[in-house]
Amino acid sequence: AYYEKVGFRGVEEKKSLEILLKENPLDVEKLSTFSQRFPLPSMYRIHVWKVLLGILPPHSDSHSLVGGYRREQYQDVLEALEVMRFVHMATPQTQVYLRMFQLESQVLPRRSDTTPPDEEDEDFLSIARAMEEIVEDSVDCYWLIKCFVNQFNNKFGDSIPHLPKSLEHYLSVEEPRLLNHLKNTGALAMLPYSLWFRRCFAGCLPESSLQRVWDKVISGSCKILVFVAVEILLSYKIVVMGTSRPEGVVNILCNMPQENTDAIVTKAIDLWHKYCGTPMHSV
Amino acid sequence: FLEDVKGQAKGELQASESRYQAQRRVTQLLQTELLHLYSRLEMEGHACPTTASA
Amino acid sequence: FLEDVKGQAKGELQASESRYQAQRRVTQLLQTELLHLYSRLEMEGHACPTTASA
């Protein structure tokens, strides 16, 4: 019965998304609301992400023209990097994306500059590696990484430093004993905040679970990240409570088993809706 | 309806402009690299006169 | 009036397009020059090993 209910809901949701996607111009706000409320069906995910991130404009008539511009821009930037020998045949694809992103943001280091990638580059590369698993076409993949990273930094850059406090708050409501344990052992200050809140769980959750979190991030919420972190902590509560060394706690959380992550994300989304409300208008 | 037409045009123009800007960044980078290479060639030219005169 | 707006939008897009094309031609020229210089540098590198190893 549960399966039927969920299956039925899924069909209804898919239909209403299809209606939204037939509108011309697309109502970006409604699409955001939809993806805040429901999981995106995987067959439409990339298309919806591209619209929400502004890679495709709202007018469907313009999609092929604009898609062509995007492709050319990708090729132009890549070609220049190849000519200048910044990238070659053996360069890993994510490294290519990083160089392209740096060229476009005018922060490409000199080729002779051999300083290792900084923290920001590593965040980019993690997100890129995850996106690569989700998106097949390399043009789409580059644009999605670039616009995801840019939108995330522009929109949420100021909120990110406050997320650890927010995590502490919700944990104090949900599971004060766990919070106290984390505080007393000194693990609270050492939690993998940058993996959670800067890489948006890229490299932490498998892509199948990750993309459901990114649906929410791309459609406008960074708060969801806090609730995913809460649910991760809750689901490893017993192990964490049994560990007194903060390094041990961090180690558990950074090397989470890749199973049960779907359940963690589902619970996180429920918790997020519980505290932050479900966006109600339209759809 | 008019807003609609304007909106569509805006979307297309923005994408076109972004493609142009990327090309500009590319040009700037290439120019910097060329200048760098020219000066290197000049230096090496001085450092290696036998090759140059051969 | 609508035709007017459409015409204007089309004009703007064309202008952007032609700016892009011009910039693209510059890029191609620079890239050709760069490739040329790279191969020259490499040749000189081989022709002048003492300088390279010094």
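**A loop and its helices**

Modeller: A:Arg85 counts as partly exposed because its relative accessibility is 40%; buried means under 20% relative accessible area, exposed over 50%, and partly exposed lies in between (1.4 Å probe, protein chains only). This is a predicted model, in which local features need pLDDT of at least 70 and side-chain atom pairs count only at pLDDT 80 or more, while totals for chains, interfaces and linings use all residues; side-chain values use heavy atoms, without hydrogens and water. Residues are numbered from 1 along each chain as its sequence is written, with chains lettered from A and ligands numbered from 1 in the order in which they are written.

A:Arg85 is placed in the loop between α4 and α5 (93–104) of chain A; helices are DSSP runs (H or I, at least four residues), numbered from the N terminus. The phi of A:Arg85 is positive, near 65 degrees, although the residue is not glycine. Most residues other than glycine have a negative phi, and most peptide bonds are trans. A:Asn260 also has a positive phi, about 65 degrees, and sits in the loop between α14 (246–254) and α15 (261–276) of chain A. With 56% relative accessibility, A:Asn260 counts as exposed. The peptide bond from A:Asn24 to A:Pro25 is cis, its omega near 0 degrees, and A:Pro25 belongs to the loop between α1 (2–22) and α2 (28–37) of chain A.

Helix α4 (residues 63–83) of chain A packs with α7(A) at an angle of about 85 degrees, their axes being 10 Å apart. The two helices are therefore roughly perpendicular, a term for angles of 65 to 115 degrees. On the α4(A) side, A:Arg70, A:Arg71, A:Gln73 and A:Tyr74 meet residues of α7(A) that include A:Tyr142, A:Trp143 and A:Lys146; contact means heavy atoms within 4.5 Å.

Leaving aside residues up to four places away in sequence, A:Trp214 touches, among others, A:Trp49, A:Ile134 and A:Phe148. A:Trp49 is one of the buried residues of helix α3 (residues 42–52) of chain A.

How values were computed
Axes are lines fitted to C-alpha atoms, for helices over the stretch in contact, and angles run from 0 to 180 degrees between N-to-C directions. Angles under 35 degrees count as roughly parallel, over 145 as roughly antiparallel, 65 to 115 as roughly perpendicular and the rest as oblique.
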